[in-house]
Amino acid sequence: MRRGTNLPWVGDYNQAVVLDGIRRHPGTSRTDLALASGLSVQTVSNIVRRLLDRGLVQEGETRARGGPRGGGKPRTALAVRPGAALAVGLQFEREHVDAVLLDLDGTVLDAVRRRLPDPAPSVRTAVEHATGAVRGLVDGSAHPEAVLGVGVAVPGPLDFAGPVRTSAINLPGWRGVAIADLLTTSTGLPVLVENDATAAAVGDLWRSPRVGRSFLHLHVGAGVGGGVVVRDEVLRGESGNAGEVGHVVADPAGPRCTCGATGCLEAVAAPAAVVARYAGRVGERAARAAGLRLSPRTALDDHDRLNLLAAAGDANAAAELDAAARAIARVVLGVVNVVDVSEVVLGGSGLRLAGDRVLAAVRAALGVAMTREVHPVEVRLEEVGERAAALGAAGAVLHEALSSTWVGVHVPPREIVISPVAPVH
């Protein structure tokens, strides 16, 4: 765990360190926490007493010091108390909104998916569906009073300079939307807004028992995005929009991207782009005969269908999917070389059937990573599935409200902040 300090004026930070250590390592003792954090046993004991009084932590069975042979003063196991703090996470996609209810110990207590109407709904309609999902989760909880806030994951870019606004280029009609204000008004809860790819990275970091991690989380949904973590610090950039790997040029001769540039990774390898290239290769009539619907709202489903066709022997489908996987791998290699991470995590609804193909391509590309002789780069698929961004947004609320171990808040200063990403509204 992160080191604490015995200086008296940073007690709140020490409390965050201790609570985070207990959350990450259930069953740890006061002595264990003191050894790991560098705090005195007396400081840790005082902090644990406050956490017990607040109902955030509970004591478990005692165990003898020194292992099976015993000896020494018994140590009492500590763990966070289930239901002590909860958060809701929302994830907006073109065709649906996902909502999860997350406990402080990382348990998903409930989850729901609300299908959005077709054609593309207005922002207000999407917010109404999201609000209904939030209210359903909160009202159905055994501890509704413990819900600290709502974390919202949306595609970027995001503007944190005033009321948090999103101009999600993959969600029609979302330019300049003050989504935090809208959801705060409709739900009555504090709201945090995060880029969906970075939210997925935050969630992966928050769930991990390890510290000091450096990794890229590549998120493929309707678009392509990335979240970068360096030694447990989320890389934010000047405006909080770092990690837009989907707009790194992957093919200078490629198609024009929705951002206005040419040949971006998103324009080359996002599900809609792959489906469009397949239809162009075989013809629209043949593509529809193969089961593709060729609508912006069905891009993810069509992409899944393309993967099934490739598995059944369709050489054209395999060729387009392989080309997209190689493009992703080239960009990932560039990011790994620039920021020197030791892990790459692949996730998002666009990889639910294409994950193994992209995984293989990325692993092959990283064989020439600049740091290959210094340290390996692990590549894996996201373990929590399509709701990774919703889980990350909820985890960010809990993490910053109760147990932050990140240093600083990489957004313009605010009076009240519960996240390294966005202020509470």
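Which residues of the largest nonpolar core touch the most other members? In this predicted model, they are L306, I328, V344, L346, V362 and L366, out of the 48 residues that the core contains.

Let me turn to where those residues come from. Several elements each supply at least two residues of this core: the strands β10 (215-220), β11 (224-230) and β13 (343-347), together with the helices α7 (265-269), α8, α10, α11 (315-339) and α12 (355-365). The largest share, 13 residues, is that of α11.

Once its neighbours within four places in sequence are set aside, V362 is in contact with I328, A329, V332, V344, L346 and V379. A separate core of 35 residues also exists, and A85, V202, L205 and F215 are among its members.

Two packed helices are described by the angle between their axes and the distance between the axes. Here, the axes of α8 (residues 271-282) and α10 (residues 299-311) come within 8 Å and cross at roughly 55°. Because of that angle, α8 is oblique to α10. The crossing of the two helices is left-handed.

Which residues meet across this pair? On the α8 side they are P271, A272, V274, V275 and Y278, and on the α10 side A299, L300, D302, H303, L306 and L309. By class, this contact comprises 9 nonpolar residues, 1 polar and 1 charged.

Key: Residues are numbered from 1 along each chain as its sequence is written. This is a predicted model: local features need pLDDT of at least 70, side-chain atom pairs count only at pLDDT 80 or more; totals for chains, interfaces and linings use all residues. Side-chain values use heavy atoms; hydrogens and water are left out. Axes are lines fitted to C-alpha atoms, for helices over the stretch in contact, and angles run from 0 to 180 degrees between N-to-C directions. Helices (H or I, at least four residues) and strands (E, at least two) are DSSP runs, numbered from the N terminus. Angles under 35 degrees count as roughly parallel, over 145 as roughly antiparallel, 65 to 115 as roughly perpendicular and the rest as oblique. A crossing is left-handed if the near helix is turned anticlockwise from the far one by less than a right angle, and right-handed if clockwise. Contact means heavy atoms within 4.5 Å. Ala, Val, Leu, Ile, Met, Phe, Trp, Tyr, Cys and Pro count as nonpolar, Asp, Glu, Lys and Arg as charged, and the others, Gly among them, as polar. A nonpolar core is a set of buried Ala, Val, Leu, Ile, Met, Phe, Trp, Tyr and Cys residues joined through side-chain atoms within 4.5 Å. Buried means under 20% relative accessible area, exposed over 50%, partly exposed in between (1.4 Å probe, protein chains only).
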